[in-house]
Amino acid sequence: NFISVRPDQDSLSFMAPKARYDLKKHLITANDVQYIRVADALITPDSMRVVIGKNAEMRPLTNAVITANFVNKYHVVHDATVNIAARRQYSGNGLYDYTDETGKAFTIHMQNINVDTAFQTYARGRISQDEGFQLSPAFDYFGDVILHASTKDLTFSGSTRIQHACPGIQRNWMNFTGEIDPKEVFIPVSDSLMDADGLPIGAGIYLTKDDPFKTYGTFLSRKEDKDDRTIISAKGLLFFDKKSNTYLISNKDKILQRDMPGDIVGLATNSCIISGDGHIQQGVDLGQVQADAYGSLLYMSDSARTNEHV
């Protein structure tokens, strides 16, 4: 059992069944090291070899494997370069495999792996737009990725884009931040939707603000004007229903069971119909007349026609 007596290393230790001592070079080469426990992580050296130089300086580990944390073992970073400074402090970088619902793996480069003030491992990575990364076959993604060792799912903070070939409905990027379960992707949709360029996008059916008025539909695509009036829209979570090939936005209960209360907006990728169900706003100022309507709307993108069922 090798234990450092340097005060600033806080009794950093590891087990090794055999080691070589070089007194001339002041080196200890420990072999068959299964892992080194640092903070909440288990760090496995490449070839299970650790080299310690003068003044108890551990040489950086290359091609190492980080398992964090050692209790739940939610996350594994491989091909890592790791600098171990003390019993509860290390830093490095490495590769993380995100596996989607189909079993396809996408590799994320975690440039910053470190330990927070609670001695919990975190890591940050960046996915560029040209990498072709997907949260699932239904959602493209680029942006930042954050790993917290105590949390099973990664946090994504960037932009996503849906997959469809519907005429008249642009495929814009939508900004979001949230934890993503790769086996069942639900993406948070905020009240104020913006694309990657900071321009407003919508999800629903809208009425133009100027006469002559017309209705049009969007689904995570840019509004014709940021001041256009909402007839029906939804917020909450974005989900792709594989059975109906439809993207849906609503609260999770409404998505999973349609007779639950709430507003829901969908885009059927086969028919390119935008549907809305819930509270229908008038879109115009009726003066002293007040009216609340609830029902369903369908917008046919190919014919730019809206059908209403109240």
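User: Does Cys-272 count as buried or exposed?
Analyst: This is a predicted model, in which local features need pLDDT of at least 70 and side-chain atom pairs count only at pLDDT 80 or more, while totals for chains, interfaces and linings use all residues. Residues are numbered from 1 along each chain as its sequence is written, and side-chain values use heavy atoms, with hydrogens and water left out. Buried means under 20% relative accessible area, exposed means over 50%, and partly exposed is in between (1.4 Å probe, protein chains only). Because the relative accessibility of Cys-272 is 10%, this residue counts as buried.

User: Which residue does a disulfide join to Cys-272?
Analyst: A disulfide is a pair of cysteine sulfur atoms within 2.5 Å. One disulfide is found in a search of the whole structure. Its S to S distance is 2.3 Å, and the partner of Cys-272 is Cys-166.

User: How many residues apart in sequence are the parts that this pair ties together?
Analyst: The link of Cys-166 and Cys-272 is left-handed, with -90 degrees about the S-S bond. Cys-166 lies in the loop between strand 15 and strand 16, and Cys-272 in the loop between strand 23 (264-268) and strand 24 (273-280), so the separation of the joined parts is 106 residues. Strands here are DSSP runs (E, at least two residues), numbered from the N terminus.

User: What is the relative accessibility of Cys-166?
Analyst: Cys-166 counts as buried. The reason is a relative accessibility of 6%.

User: Which backbone oxygen does the side chain of Arg-171 reach?
Analyst: Arg-171 sits in the loop between strand 15 (154-162) and strand 16 (174-180). Contact means heavy atoms within 4.5 Å; leaving aside neighbours within four places in sequence, Arg-171 is in contact with residues including Asp-140, Arg-161 and His-164. At 2.7 Å, its side chain reaches the backbone oxygen of Ile-162.

User: What is the phi of Leu-220?
Analyst: Leu-220 is 49 residues from Arg-171 in sequence, and 7.1 Å away in space, C-alpha to C-alpha. Leu-220 is in strand 19 (residues 215-222), and is buried because its relative accessible area is 1%. Most residues other than glycine have a negative phi. Leu-220 is not a glycine, yet has a positive phi of about 60 degrees.

User: Where is Ala-39, which has a positive phi although it is not a glycine?
Analyst: The phi of Ala-39 is about 55 degrees. With 15% relative accessibility, Ala-39 counts as buried. Its place is in the loop between strand 5 (36-38) and strand 6 (41-44).

User: What is omega for the cis peptide bond that joins Ala-68 and Asn-69?
Analyst: Most peptide bonds are trans. Asn-69 is in the loop between strand 8 (61-68) and strand 9 (75-86). The bond joining Ala-68 and Asn-69 is cis, with omega about -10 degrees.

User: How far apart in space are Ala-64 and Thr-44, C-alpha to C-alpha?
Analyst: Ala-64 is in strand 8 and is buried because its relative accessible area is 0%. Not counting residues up to four places away in sequence, Ala-64 touches, among others, Ile-43, Thr-44, Val-77 and Val-82. Ala-64 and Thr-44 are 20 residues apart in sequence, and their C-alpha separation is 5.6 Å.

User: Which strand supplies the largest share of the lining of the largest pocket?
Analyst: On a 1 Å grid over the protein atoms alone, a pocket is an open set of points where a 1.4 Å probe fits, with protein on both sides within 12 Å along at least five of seven lines, and lining residues have an atom within 4 Å of a point. Of the 17 lining residues, Asp-191, Ser-192, Leu-193, Tyr-206 and Ser-233 lie nearest the centre of the largest pocket. Strand 18 (201-207) and strand 20 (229-233) each supply at least two lining residues. The largest share, four residues, comes from strand 18.

User: How much space lies in the largest pocket?
Analyst: Grid points are joined across faces, edges and corners, and a volume is the space filled by probe spheres set on the points. The space in the largest pocket is about 310 Å³.

Note on methods: Polar contact = N/O pair within 3.5 Å; in protein donor to acceptor, adjacent residues only side chain to side chain.
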